[in-house]
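Work through the exercises below with the model open. Each task is followed by a stepwise solution.

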Amino acid sequence: MHAYISDDEMRTNGSRQADVCNEINADNVQAAHGRMIDGSTAKSLAGIFRALGDPTRLRIISALADRELCVTDLTAALEMEQPAVSHQLSDMRELRLVRTRKEGRHVYYRLDDEHVYDLFHQGVAHVRHTRF
């Protein structure tokens, strides 16, 4: 579990007098370096979050959260044109957000793995939690 300090707690404790520290705390810097992701991982993760920033892609993920669907079914559910849905799915495949399974002439899409499902549901939970 992560420890988060609210703005109110920081104001109450007097710890948020300014956004700038007066001196560097070497232990904190070393700890931050130990937790920090490398540049390549950050770039890949930013691509995933960019993809998840698109409402259509989020709707596709929500539709695939508990079942696989073919493009035709997704197109009908989203009330969009097939080429637009196929384009979104192609981009999502490149980012490994979805995967395919072929059955004859039909291609079925599903979420790539449980991590995509978890990211989506954590985001939904956060949005619902922060609504007043």
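**Exercise 1: a loop residue**

Leaving aside neighbours within four places in sequence, Asp112 contacts Arg96, Leu97, Val98 and Arg99. The model is a predicted one.

Task: state where Asp112 is placed, and decide whether Asp112 is buried or exposed.

Solution.
1. Asp112 sits in the loop between β3 (106-111) and α7 (114-130).
2. The cut-off for buried is under 20% relative accessible area.
3. Asp112 has 12% relative accessibility and therefore counts as buried.

**Exercise 2: the buried side of a helix**

Task: list the buried residues of helix α4 (residues 55-64), and find which residue caps the N-terminal end of α4.

Solution.
1. Thr56, Arg57, Ile60, Ile61 and Leu64 are the buried residues of α4.
2. These residues lie on the same side of α4 because they cover an arc of only 140° around the axis.
3. The cap at the N-terminal end is Asp54, with a side-chain oxygen 2.9 Å from the backbone nitrogen of Thr56.

**Exercise 3: a helix pair**

Task: describe how α4 and helix α6 (residues 82-94) pack, and classify the angle.

Solution.
1. The packing angle of α4 and α6 is about 80°, and their axes are 11 Å apart.
2. Angles of 65 to 115 degrees count as roughly perpendicular, so α4 and α6 are roughly perpendicular to each other.
3. On the α4 side the contact is made by Thr56, Arg57, Ile60 and Ile61, and on the α6 side by Gln88, Leu89, Asp91 and Met92.
4. Sorted by class, this contact of α4 with α6 has 4 nonpolar, 2 polar and 2 charged residues.

Terms used. Residues are numbered from 1 along each chain as its sequence is written. This is a predicted model: local features need pLDDT of at least 70, side-chain atom pairs count only at pLDDT 80 or more; totals for chains, interfaces and linings use all residues. Side-chain values use heavy atoms; hydrogens and water are left out. Buried means under 20% relative accessible area, exposed over 50%, partly exposed in between (1.4 Å probe, protein chains only). Helices (H or I, at least four residues) and strands (E, at least two) are DSSP runs, numbered from the N terminus. The arc is that of the directions from the helix axis to the C-beta atoms. A polar contact is a pair of N or O atoms within 3.5 Å; within protein, one must be able to donate a hydrogen and the other to accept it, and residues adjacent in sequence count only if both atoms are side-chain atoms. Axes are lines fitted to C-alpha atoms, for helices over the stretch in contact, and angles run from 0 to 180 degrees between N-to-C directions. Angles under 35 degrees count as roughly parallel, over 145 as roughly antiparallel, 65 to 115 as roughly perpendicular and the rest as oblique. Contact means heavy atoms within 4.5 Å. Ala, Val, Leu, Ile, Met, Phe, Trp, Tyr, Cys and Pro count as nonpolar, Asp, Glu, Lys and Arg as charged, and the others, Gly among them, as polar.
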